[in-house]
Amino acid sequence: MLIAACRGLLAAFLAVAAFGAVPAAGQEIPPRLEQFRHDRWMTYEGAPAGMARIAQTPDGWIWISAAEGLFRFDGLTFERIPVEMGSPLERASAGPLLVTRSGELWVGYGQSAGVAVYRGGKLRHVPMPSPPATISYLAQTPDGAIWAVAGYRNFASERLFRFANGRWENAEARYGVADGYLSEPCVTADGTMWITRSDTRRSILLFLRPGATRFQASGFPLTGSRCFTDRWGRLWVPGKRLVMLAGRDGKLLDHPPGLRQAATAPPILRAFGADGGLWGLALRKGVYYAPGVAQAGRGASDQPGLFSVADGLTSESIADLFIDRDGNIWVATQLGLDRFRRATAVREPFVTGNFSYGLAMSQSGSEVYVSSDQGVFQLSTGQPRKLLNDWPDGQCPARSKGLWLIYRTRIVRLQQGRQVAIPRPMDEGLTSVCAEDRFGRLWVGTVRNELRWHDARGWHVPGRQLPKPQSADLVITAAGDLAYTTGKELVQVIGEKVSITPLGKHDPGVITHLSAGIDALFLSGSNGLLRIRGNRIDRLDWRRVPWAAQLRDLLQTPAGDTWLMRRDVISRVSTRDLEHAFDNPGAALERVALDLRDGVRISQNLAFAGPQMAFGADGRVWQLNNNGVAFIDPAQLLRRAVRPPVTIQALTSAGAVHRDPAALVLSPGTHAFDIDYTALSYAHPERLRFRYRLEGVDADWVDAGSRRLASYANLGPGSYRFRVIASDNRQDWSDPGATLDIVIKPTFVQGWPFKLLCAILLLGLLWLAYALRLRAVANRIQLRMADRMAERERIARELHDTLLQGIQGLMMRFQVVADRITDPVTRQSLDRALDSADAVVIEGRERVRDLRCVPEAGELGHKIDALVETMAEGDGPRIRLSVNGGQRPLRALVTTETLRIVEEALRNALHHAAAQSISVGLEYGHRQFVLSIRDTGAGIPEEILAAGSRSGHYGLIGMRERASRIGGRLDIVGRKGDGTEVVLRVPARAAYAGRRRVAGWLQAILGGVRDA
């Protein structure tokens, strides 16, 4: 018997040691089932029908396999992952899910569809040579190989498949698996794969070590057919007891520890939560939970709980149970999806009573006391205790710890289990409020709305008449003095002194509560929150911080937090941030808001006075509500306060959907797209808020609220970057969030080649317009010149036919007369007159010829040479002619007018300038014809140049008129004593008689059009 006892103690020690290896939350009390919040999504609310398995990939997505295929879930929306048309996966039901070490998701299918992998935003089929009717399980070993187990119909062959090096193989014979049904493989932390083979006689647990090529039998007797691994990589097998068969190293334990019968009887699928509780699926009953069964040294006092359809479970036909990385428990059923998560505000069931009668709370040191109609309770670290069965009318903390209790017949001081009673004041009805100041005076309120105080000498009336309290709150300040409000004033009793502070100018509105902080008083009203520190009062207006007004209570803790309690919301802020907000009117005040979704219930009616919150030695914040007493664990709240990972789900453009994009190059012509994004926070997905911006389009962040879609239109080609960040109202905005680089290719008409062509075409059109303009100008000049020539010819005809012919006739008659005169003197005089008349006629005929502009034969240069010879004098200045550029024929009028300009300029230089030398230059340019005449003479006075001519002389005027007549411009530059330069410039179109060859093709076209 001694040996048996020793063996029993050894087994118990090993069990405790094995369970002690589980990471536990110190001495934290494991949560009960009622401390979990339940949410559900039914099939009629969008949940997939016929769900089979749940998994989570490293990026945070929850994946669900179902009868209609593969889905992913972000906490609000179920998104079905499409497959290629014509693929075997198109109409197949999805089954087992496997998240590989690289983060990829593998999916097994029914209907002989085989296996697929989600990679690069697409579900890709991994063909099998002869896929079984159903893939039931998937697993991966450390060598990267994927193992697939066929459905229950496969007994002797095609049961086990292995995928490695890009191909599938039937692994039964190679790895030594005998006939029988195979269960789900389990892979322990060391990489050993375990699998159960069952036949008609027994079940055998097989294992395959890393690098081995044959399965081995464990020799452990099994009463069930399934194994599972926990979150720490240890192997468990079911039976009459749930036994941990192998540790993290994959080695079989010599003395496998088991969990007690009460914790292992019902469930068929199991998983350990982070708190050590065991979750399981009870066949045709519901979800099973046993708190803290994996923690070392836990007793059997915690009874397991069961959550069924009657409690709100979607269905008792349960397919899978899964615990995600945040500790949420997911249950897949045939009718929907269930989620269990730790509630933030947890009701304490130990405190009982009819809560409609109200509750009272007091904090004395680190102890919290609550009274109900069922008695007085102490909420200490660990299990709560019931101290008294009597229901007091009121209570308040005692100065040296303990508690004051007001009863109808007495007042009791309760300290360390001892009760000391004092009598009530005679002939004075008391209310439920009381407070003990630093002088040991117990202050109480009377039904006449007055105050009395008690010390070792008995009851006393205040020495001076105190203002009547309107609020039922009597508060002890941080200094230990009494404070209360009258509705319009704040009253503080400091020893024998009374301080009264008017509150009207601070506009608190209707006062709802007075609270004592660590070093200040806080007064809450309908119009805001006041901070009273000494003689200074600061205010937070309700318009600025609406959730800080109309408070039911305010509590400051040594941890640096301030808790603000309203009717249905509790807010936690940093005390430092709250002080900063009071001191700086423009400062923002961030908070963590807790409401019904976190387990917070509606507060008590305002008629129940006194503190409504308190904090215990373990840091928990206790709160009274109309459903009893609840606590909030700030440490648990901080553990869950992680930034939600932000992800971009898809970009949709022109009907094409790009899932999980990292960078995209969109087709030319794209001008609009929609971007779906989300943040993977499964505790409170409805609280997520988003901001996004498209760099290059949005100047600043766009506040999208809870919307998870961004739409853009009228976009041009180029590079864009889309950024999105999220916040769950628990901390700052996530940074950097998610980023997507987008490139929109330009179409041909948006590309630079087309723009270059357009620029060339535009230049061509401008040049064409310029050429057409020149042609029009030249045509107008030619028309003007033709009109002028016609007019000159008419004048020449008239002069010839009238004046010259008349003079010629007169001369002939005078000649007849002259022939008859015999007087020599008279005859000589008449002959001289006739000679002068002949000269006049000759000169008139020359002018008539000039008016007709009959061009002389030869080039302009030759004509200038001839002109120079006739005008040159023997001892006169030397005249030099130079020609630049290829000589081109000039229009007849241009030649004539240019020659006359040369003649006039030379005449001026010879007769008036006294020049030593004269140079004449001709330049036949592509754009213009230039004539220049320069002399080294006396020059032209500036006043003549300014006037344009000498009075009574018309040479310069005539030169300019001739230049204008041929469409040119005449410039005369000269200074007195520095010579004179005459320059004539005529555009090529107006000057040259022939066409230029530079634009021959265009001129050919224009010529063809003109000829037509």
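In which strand is Val107 found? Val107 belongs to β7, the strand that spans residues 105–109. The model described here is predicted.

## The chain as a whole

The chain has 1012 residues, of which 49% count as buried. Its secondary structure comprises 12 helices and 70 strands. Where contacts link residues at least 6 apart in sequence, 52% of them join residues at least 24 apart.

The accessible surface of the chain is about 49,800 Å², and carbon and sulfur atoms account for 52% of that area.

## Surroundings of Val107

Val107 has a relative accessibility of 0%, and because buried means under 20%, this residue counts as buried. Leaving aside residues up to four places away in sequence, Val107 touches Leu70, Ala94, Pro96, Leu97, Gly114, Val115, Ala116, Leu123 and Leu138.

One of these neighbours is Pro96. Val107 and Pro96 are 11 residues apart along the chain, and their C-alpha atoms are separated by 5.9 Å.

## Loop residues with positive phi

Most residues other than glycine have a negative phi. Asn165 is not a glycine, yet its phi is positive, at about 55 degrees. Asn165 sits in the loop between β12 (160–164) and β13 (167–170). With a relative accessible area of 80%, Asn165 is exposed.

Gln416 also has a positive phi, near 50 degrees, and is a residue other than glycine. The loop that holds Gln416 runs between β36 (411–415) and β37 (418–422). Is Gln416 buried or exposed? Its relative accessibility is 79%, so Gln416 counts as exposed.

## Packing of α7 and α8

Two packed helices are described by the angle between their axes and the distance between the axes. Helix α7, residues 860–871, packs with α8 at an angle of about 30 degrees, and the axes are 11 Å apart. Angles under 35 degrees count as roughly parallel, and α7 and α8 are therefore described in that way. Their crossing is right-handed.

On the α7 side, the contact is made by Leu860, Lys863, Ile864, Leu867, Val868 and Met871. On the α8 side, it is made by Thr895, Thr898, Leu899, Val902, Glu903, Leu906, Arg907 and Leu910. By class, this contact of α7 with α8 has nine nonpolar, two polar and three charged residues.

## Packing of α8 and α10

How do α8 and α10 run relative to each other, and why are they roughly parallel or roughly antiparallel? The axes of α8 and α10 cross at roughly 160 degrees and come within 9 Å. Angles over 145 degrees count as roughly antiparallel, and α8 and α10 therefore fall into this group. The crossing of α8 and α10 is left-handed.

From α8, the residues in contact are Glu897, Arg900, Ile901, Glu904, Ala905 and Asn908. They meet Gly955, Leu956, Met959, Arg962, Ala963 and Arg965 in α10. The contact of α8 with α10 divides into five nonpolar, two polar and five charged residues.

## Helix α10 and its surroundings

Helix α10 covers residues 955–965, and its buried residues are Leu956, Gly958, Met959, Ala963 and Arg965. What do the buried residues of α10 pack against? Their partners are the helices α5 (752–820), α8 (892–913) and α9 (942–947), together with the strands β69 (969–974) and β70 (980–987).

Just after α10 comes Gly967, which takes a positive phi of about 80 degrees.

Methods:
Residues numbered from 1 in each chain as written. Predicted model: local features only at pLDDT ≥ 70, side-chain atom pairs only at ≥ 80, totals over all residues. Heavy atoms only, no water. Buried < 20%, exposed > 50% of the residue type's maximum accessible area, 1.4 Å probe, protein only. Helix = DSSP H or I, 4+ residues; strand = E, 2+ residues; numbered from the N terminus. Contact = heavy atoms within 4.5 Å. Axes fitted to C-alpha atoms, helices over the stretch in contact; angles between N-to-C directions. Parallel < 35°, antiparallel > 145°, perpendicular 65-115°, else oblique. Left-handed = near helix turned anticlockwise from the far one by under 90°. Nonpolar A, V, L, I, M, F, W, Y, C, P; charged D, E, K, R; others polar. Areas by Shrake-Rupley, 256 points an atom, 1.4 Å probe, with all protein chains shown as cover.
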